[in-house]
Amino acid sequence: MRLDVVTIFPEYLEPLNVSLVGKARARGQLNVHVHELRTWAYDRHNTVDDTPYGGGPGMVMKTEPWGEALDSVLADGYETGSRAPALIVPTPSGRPFTQELAVELSGRPWLIFAPARYEGIDRRVTDEYAARMPVYEVSIGDYVLAGGEAAVLVVTEAVARLLPGVLGNAESHRDDSFAPGAMAGLLEGPVYTKPPLWRGRDIPDVLLSGHHGKIARWRRDEALKRTAANRPDLIERCDPKGLDKKDREMLSILGWAPDPDGEPYGRFWRRPEGMEQ
Ligand code: ADE
C-alpha cells in the first residue's frame with residue numbers, strides 16, 4: 001500500500017518510522033511519502049492560510065498550495081480503476097472513523113492524507129478532488145484537535161495492522177473489539193499472563209482449567225460486562241439474534257432486559273431502576 005501525507009508539520013509524522021508502521025515500511029509492505037505543503041506556497045512567507053470569507057475567527061487553508069501539492073502527488077503514478085487513490089481528509093466534521101472504515105481503507109492500494117491546521121481547508125479543494133477520486137472526510141472522535149496530523153497517525157496505524165503479513169499472527173485481529181465475527185459489537189474483556197500470582201492478585205481459575213468451552217463462555221461474559229459498563233450504546237445497538245441464552249442471562253444480571261417494542265424485536269434496553277428481572 002502506498003501512503004502520501006501532505007502537511008505543514010512533516011516532523012509530526014516521524015512516528016511513522018517506529019513500531020508496527022515503521023517495520024511494515026522497512027519490509028516494503030507500506031510505501032510512505034511525507035510532503036511539506038509549504039513547498040507549494042510561493043510568496044515570501046510561504047503562506048498557506050488566509051482569513052475566512054464571511055468573517056469569523058481563525059484562518060482557512062488556501063486552495064492554491066493544496067491544489068498544487070495534490071496535483072504533484074497525483075502526477076506521480078495516478079491511475080484510475082482498482083489502482084486509483086483515495087483522499088483522506090481528517091476533520092472533526094467528518095464521518096466517524098471506525099474499524100469497519102479501517103477495513104475498507106485497508107483494501108485500497110493508495111491513500112493520500114490531507115491533514116488541515118487552522119479552521120480547515122477551503123471547501124473547493126475537496127470538491128475538486130472528489131470529482132476524480134473517492135474522498136473520505138473522517139473524524140477520530142468527538143473532540144477538536146489542533147490539526148489533523150494526529151488523526152493521520154491513528155488512521156494509518158489502524159489500517160496498517162490489517163494489511164496482510166503486517167501483524168505476526170493473522171489471528172491477532174480476530175477477537176479485536178469492533179471486529180466482525182462471534183464477538184461482533186462487544187468490547188474485548190480483560191487478559192492475563194504469567195505470573196499466576198502478583199502482589200496477592202491471582203487470575204480467574206477458569207483460565208487455568210484447560211476447558212475451552214468454559215473459557216469461551218467466561219470471555220463472552222466479561223465482554224458483556226465491560227461493554228455494558230463502558231459502552232451501553234453498543235448493547236442497545238446489538239442485534240438480539242446474535243445473543244444466546246447465556247448472553248441473555250448475563251445481560252439480565254447486569255440490569256438489561258429485552259425491549260418488546262425494540263427494532264429488531266427484543267433489542268436490549270436498560271431496565272429502569274426498581275423494575276424486577
Ligand atoms: N482535526 C481536528 N480534530 C479532529 C478530529 N477529532 N478528527 C479528525 N481530524 C481532526
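What follows goes from overall dimensions to one helix, and then to a few individual residues.

First, some ground rules: this is a predicted model, where local features need pLDDT of at least 70, side-chain atom pairs count only at pLDDT 80 or more, and totals for chains, interfaces and linings use all residues. Residues are numbered from 1 along each chain as its sequence is written, and side-chain values use heavy atoms, with hydrogens and water left out.

Now the big picture. The protein has 8 helices and 9 strands; these are DSSP runs numbered from the N terminus, with helices being H or I of at least four residues and strands being E of at least two. Its C-alpha atoms fill a box of roughly 70 × 45 × 45 Å along the principal axes. How does the radius of gyration sit against the value for a compact globule of 277 residues? The globule would come in near 19 Å, but the protein has 23 Å. That radius is taken over C-alpha atoms, and the globule rule is 2.2 Å times the number of residues to the power 0.38.

As for covering, 41% of the 277 residues are buried, where buried means under 20% relative accessible area, exposed means over 50%, and partly exposed is in between (1.4 Å probe, protein chains only). The protein exposes about 16200 Å², with carbon and sulfur atoms supplying 53% of it; the areas come from the Shrake-Rupley method with a 1.4 Å probe, and for residues only the protein chains shown count as cover. Among contacts with a separation of 6 or more, 71% are between residues 24 or more positions apart, a contact being heavy atoms within 4.5 Å.

Next, zoom in on helix H5, residues 149-160. At 1.5 Å a residue, its 12 residues should span 16 Å, and the end C-alpha atoms are 16 Å apart, so the two agree. The expected span is 1.5 Å times one less than the number of residues. H5 is mostly covered, with 9 of its 12 residues buried; among them are Glu-149, Leu-153 and Thr-156. What do the buried residues of H5 pack against? Their partners include strands E1 (2-7), E5 (86-96), E6 (110-113) and E7 (135-139), along with helices H1 (19-26) and H3 (99-106).

Ala-69 counts as buried because its relative accessible area is 0%. Leaving aside neighbours within four places in sequence, Ala-69 is in contact with Val-6, Leu-37 and Trp-40. Val-6 is 63 residues away from Ala-69 along the chain, yet their C-alpha atoms are separated by 7.3 Å.

Finally, have a look at the backbone in some loops. The peptide bond from Lys-194 to Pro-195 is cis, with omega near 5°, and Pro-195 sits in the loop between H5 and helix H6 (212-230). Two residues other than glycine have positive phi: Asn-46 near 50° and Tyr-118 at about 60°. Asn-46 is in the loop between strand E2 (31-36) and strand E3 (49-50), and its 30% relative accessibility is why Asn-46 counts as partly exposed. Tyr-118 lies in the loop between E6 and helix H4 (123-130), and is partly exposed, with a relative accessible area of 38%.
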